[in-house]
Amino acid sequence: MSTEMDTQARAAKGMAFTGAALGVILLATTAAQLPADVVGPGISAQRDAFRLFWPVGMQLFTNAAGREFTVVYRHDKAAGTFVPITRTAGDRDYLGGLDRGAYADLVRLLALARELPEDRWRDCAGPAVADCAAVVSTTLAVPLTSYFTDPTACGPTVFAVERPSREGTTRHVVRVVPVELTCAPR
(Lines give C-alpha, C1' and ligand atoms only; values in the text may rest on other atoms or scores of the structure.)
Protein backbone atom coordinates (compact mmCIF):
# COMPACT_ATOMS: atom_id res chain seq x y z
CA MET A 1 0.00 0.00 0.00
CA SER A 2 2.82 2.40 0.82
CA THR A 3 4.48 1.59 -2.52
CA GLU A 4 1.32 2.62 -4.35
CA MET A 5 1.16 5.87 -2.34
CA ASP A 6 4.84 6.57 -3.09
CA THR A 7 4.18 6.07 -6.80
CA GLN A 8 1.20 8.42 -6.67
CA ALA A 9 3.22 11.02 -4.74
CA ARG A 10 6.05 10.86 -7.30
CA ALA A 11 3.54 11.19 -10.14
CA ALA A 12 1.97 14.22 -8.44
CA LYS A 13 5.41 15.81 -7.97
CA GLY A 14 6.24 15.11 -11.66
CA MET A 15 2.97 16.69 -12.79
CA ALA A 16 3.58 19.69 -10.51
CA PHE A 17 7.07 20.13 -11.97
CA THR A 18 5.74 19.83 -15.53
CA GLY A 19 2.96 22.33 -14.76
CA ALA A 20 5.44 24.78 -13.23
CA ALA A 21 7.82 24.44 -16.22
CA LEU A 22 4.97 25.01 -18.67
CA GLY A 23 3.83 28.03 -16.66
CA VAL A 24 7.33 29.56 -16.79
CA ILE A 25 7.48 28.96 -20.56
CA LEU A 26 4.04 30.55 -20.97
CA LEU A 27 5.11 33.62 -18.99
CA ALA A 28 8.38 33.93 -20.93
CA THR A 29 6.67 33.70 -24.31
CA THR A 30 3.94 36.12 -23.23
CA ALA A 31 6.55 38.61 -21.98
CA ALA A 32 8.40 38.32 -25.30
CA GLN A 33 5.27 39.45 -27.14
CA LEU A 34 4.77 42.60 -25.09
CA PRO A 35 5.79 45.99 -26.56
CA ALA A 36 9.37 47.20 -26.09
CA ASP A 37 8.35 49.99 -23.68
CA VAL A 38 6.87 47.34 -21.34
CA VAL A 39 9.60 44.67 -21.40
CA GLY A 40 12.60 46.90 -22.00
CA PRO A 41 15.14 47.13 -24.81
CA GLY A 42 17.08 43.98 -23.81
CA ILE A 43 14.19 41.54 -24.22
CA SER A 44 12.94 43.46 -27.25
CA ALA A 45 16.35 43.12 -28.96
CA GLN A 46 16.46 39.39 -28.21
CA ARG A 47 12.95 38.98 -29.60
CA ASP A 48 13.83 40.84 -32.79
CA ALA A 49 16.98 38.77 -33.30
CA PHE A 50 15.06 35.54 -32.71
CA ARG A 51 12.40 36.54 -35.24
CA LEU A 52 15.05 36.73 -37.95
CA PHE A 53 15.52 32.97 -37.69
CA TRP A 54 12.08 31.79 -36.63
CA PRO A 55 10.38 30.80 -39.88
CA VAL A 56 6.78 31.40 -38.81
CA GLY A 57 7.39 35.15 -38.73
CA MET A 58 9.12 35.28 -42.11
CA GLN A 59 7.26 36.93 -44.97
CA LEU A 60 7.22 33.62 -46.79
CA PHE A 61 4.68 32.37 -44.23
CA THR A 62 2.82 35.57 -43.38
CA ASN A 63 0.47 37.69 -45.46
CA ALA A 64 1.18 35.78 -48.69
CA ALA A 65 -1.99 37.17 -50.29
CA GLY A 66 -0.78 40.75 -49.92
CA ARG A 67 2.83 40.12 -50.94
CA GLU A 68 4.60 41.05 -54.11
CA PHE A 69 6.84 38.57 -55.91
CA THR A 70 9.75 39.43 -58.19
CA VAL A 71 9.98 37.19 -61.24
CA VAL A 72 12.60 37.28 -63.99
CA TYR A 73 11.65 36.44 -67.57
CA ARG A 74 13.95 35.80 -70.51
CA HIS A 75 12.74 38.10 -73.28
CA ASP A 76 13.00 36.96 -76.88
CA LYS A 77 12.44 40.26 -78.67
CA ALA A 78 12.12 38.69 -82.13
CA ALA A 79 9.46 36.19 -81.08
CA GLY A 80 7.90 38.48 -78.49
CA THR A 81 7.96 35.73 -75.85
CA PHE A 82 8.68 35.86 -72.13
CA VAL A 83 10.00 32.63 -70.54
CA PRO A 84 10.37 32.57 -66.74
CA ILE A 85 13.93 32.14 -65.48
CA THR A 86 13.07 32.04 -61.80
CA ARG A 87 11.24 29.02 -60.46
CA THR A 88 9.48 28.27 -57.20
CA ALA A 89 11.27 26.31 -54.49
CA GLY A 90 8.87 23.41 -55.09
CA ASP A 91 9.88 23.12 -58.76
CA ARG A 92 11.00 19.65 -59.84
CA ASP A 93 14.40 21.09 -60.83
CA TYR A 94 14.83 21.78 -57.12
CA LEU A 95 13.71 18.24 -56.26
CA GLY A 96 10.34 19.45 -55.04
CA GLY A 97 11.89 21.71 -52.39
CA LEU A 98 14.59 19.31 -51.14
CA ASP A 99 17.41 21.00 -53.08
CA ARG A 100 18.49 24.17 -51.29
CA GLY A 101 19.65 25.69 -54.59
CA ALA A 102 16.25 27.37 -54.81
CA TYR A 103 17.11 29.56 -51.84
CA ALA A 104 20.48 30.53 -53.34
CA ASP A 105 18.76 31.50 -56.60
CA LEU A 106 16.19 33.49 -54.62
CA VAL A 107 18.98 35.41 -52.87
CA ARG A 108 20.63 36.09 -56.24
CA LEU A 109 17.31 37.30 -57.65
CA LEU A 110 16.64 39.65 -54.74
CA ALA A 111 20.21 41.01 -54.88
CA LEU A 112 19.78 41.81 -58.57
CA ALA A 113 16.35 43.35 -58.01
CA ARG A 114 17.81 45.64 -55.32
CA GLU A 115 20.40 46.89 -57.81
CA LEU A 116 17.66 48.19 -60.09
CA PRO A 117 17.07 51.93 -59.69
CA GLU A 118 13.59 52.72 -58.40
CA ASP A 119 12.97 55.27 -61.17
CA ARG A 120 13.48 52.63 -63.89
CA TRP A 121 10.48 50.53 -62.86
CA ARG A 122 7.39 51.14 -65.00
CA ASP A 123 3.84 50.53 -63.83
CA CYS A 124 1.97 48.00 -65.90
CA ALA A 125 -1.17 46.37 -64.60
CA GLY A 126 -1.74 43.24 -66.62
CA PRO A 127 -2.61 39.60 -66.06
CA ALA A 128 0.70 38.47 -67.63
CA VAL A 129 4.07 39.99 -68.47
CA ALA A 130 3.29 39.62 -72.19
CA ASP A 131 0.55 42.22 -71.68
CA CYS A 132 3.30 44.67 -70.72
CA ALA A 133 5.26 44.22 -73.99
CA ALA A 134 4.51 47.80 -75.09
CA VAL A 135 5.92 49.20 -71.84
CA VAL A 136 8.98 46.93 -72.06
CA SER A 137 9.74 47.86 -75.67
CA THR A 138 9.63 51.60 -74.98
CA THR A 139 11.86 51.50 -71.89
CA LEU A 140 15.66 51.47 -72.00
CA ALA A 141 17.14 48.27 -70.51
CA VAL A 142 19.22 48.48 -67.33
CA PRO A 143 22.61 46.72 -67.62
CA LEU A 144 23.37 44.26 -64.78
CA THR A 145 25.68 41.30 -64.18
CA SER A 146 23.94 37.93 -63.81
CA TYR A 147 25.04 35.60 -61.01
CA PHE A 148 22.29 33.02 -61.57
CA THR A 149 23.45 29.42 -61.71
CA ASP A 150 21.50 28.96 -64.95
CA PRO A 151 23.88 30.05 -67.76
CA THR A 152 20.89 30.90 -69.97
CA ALA A 153 19.93 33.69 -67.55
CA CYS A 154 21.88 36.21 -69.57
CA GLY A 155 20.86 38.62 -72.29
CA PRO A 156 17.57 40.51 -72.55
CA THR A 157 15.37 39.88 -69.54
CA VAL A 158 12.42 41.50 -67.84
CA PHE A 159 12.06 41.82 -64.08
CA ALA A 160 8.40 41.87 -63.09
CA VAL A 161 6.77 42.48 -59.74
CA GLU A 162 3.62 40.41 -59.42
CA ARG A 163 0.84 40.13 -56.85
CA PRO A 164 -1.50 37.21 -56.26
CA SER A 165 -4.87 37.60 -57.96
CA ARG A 166 -8.10 37.52 -56.04
CA GLU A 167 -8.73 33.96 -57.21
CA GLY A 168 -5.44 32.95 -55.59
CA THR A 169 -4.38 30.68 -58.46
CA THR A 170 -2.60 33.24 -60.63
CA ARG A 171 -0.56 36.40 -60.22
CA HIS A 172 -0.96 39.76 -61.91
CA VAL A 173 1.88 42.00 -63.04
CA VAL A 174 2.20 45.29 -61.18
CA ARG A 175 5.38 46.84 -62.62
CA VAL A 176 8.23 45.85 -64.94
CA VAL A 177 11.75 46.85 -65.91
CA PRO A 178 13.73 45.54 -68.90
CA VAL A 179 17.26 44.43 -67.99
CA GLU A 180 20.27 43.40 -70.08
CA LEU A 181 22.00 40.70 -68.01
CA THR A 182 25.67 40.04 -68.70
CA CYS A 183 26.94 36.65 -67.52
CA ALA A 184 29.47 36.87 -64.72
CA PRO A 185 32.79 35.13 -65.41
CA ARG A 186 32.78 31.57 -64.11
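How many helices and strands does the protein have? The protein has five helices and six strands, where helices (H or I, at least four residues) and strands (E, at least two) are DSSP runs numbered from the N terminus. This is a predicted model, in which local features need pLDDT of at least 70 and side-chain atom pairs count only at pLDDT 80 or more, while totals for chains, interfaces and linings use all residues. Residues are numbered from 1 along each chain as its sequence is written, and side-chain values use heavy atoms, with hydrogens and water left out.

**Overall architecture**

- Starting at the N terminus, the elements follow the order α-α-α-β-β-α-β-α-β-β-β.
- Of the 186 residues in the protein, 26% are buried; buried means under 20% relative accessible area, exposed over 50%, and partly exposed in between (1.4 Å probe, protein chains only).
- Among contacts (heavy atoms within 4.5 Å) with a separation of 6 or more, 63% are between residues 24 or more positions apart.
- The protein has an accessible surface of about 12500 Å², and carbon and sulfur atoms account for 63% of that surface; accessible areas come from the Shrake-Rupley method with a 1.4 Å probe, and for residues only the protein chains shown count as cover.

**Disulfides**

- The protein contains two disulfides, a disulfide being a pair of cysteine sulfur atoms within 2.5 Å.
- Cys 124 is bonded to Cys 132, with an S to S distance of 2.0 Å, and this link is left-handed at -100 degrees about the S-S bond.
- Both of these cysteines are buried, Cys 124 at 9% relative accessibility and Cys 132 at 0%.
- Cys 154 is bonded to Cys 183, with an S to S distance of 1.6 Å; the torsion about this S-S bond is about 110 degrees, so the disulfide is right-handed.
- Cys 154 lies in the loop between β4 and β5 (155-164) and Cys 183 in strand β6 (residues 171-183), so the pair ties together parts that are 29 residues apart in sequence.
- Cys 154 is buried at 19% relative accessibility, whereas Cys 183 is partly exposed at 35%.
- When the bonded cysteines are numbered in sequence order, the pairing reads 1-2, 3-4.

**Thr 139**

- Thr 139 sits in the loop between α5 (133-137) and β4 (142-146), and it is buried at 13% relative accessible area.
- Leaving aside residues up to four places away in sequence, Thr 139 touches Arg 120, Arg 122 and Pro 178.

**Glu 115**

- Glu 115 belongs to helix α4 (residues 101-115) and is partly exposed at 46% relative accessibility.
- The C-alpha atoms of Glu 115 and Thr 145 are 10.0 Å apart, with the two residues 30 residues apart along the chain.
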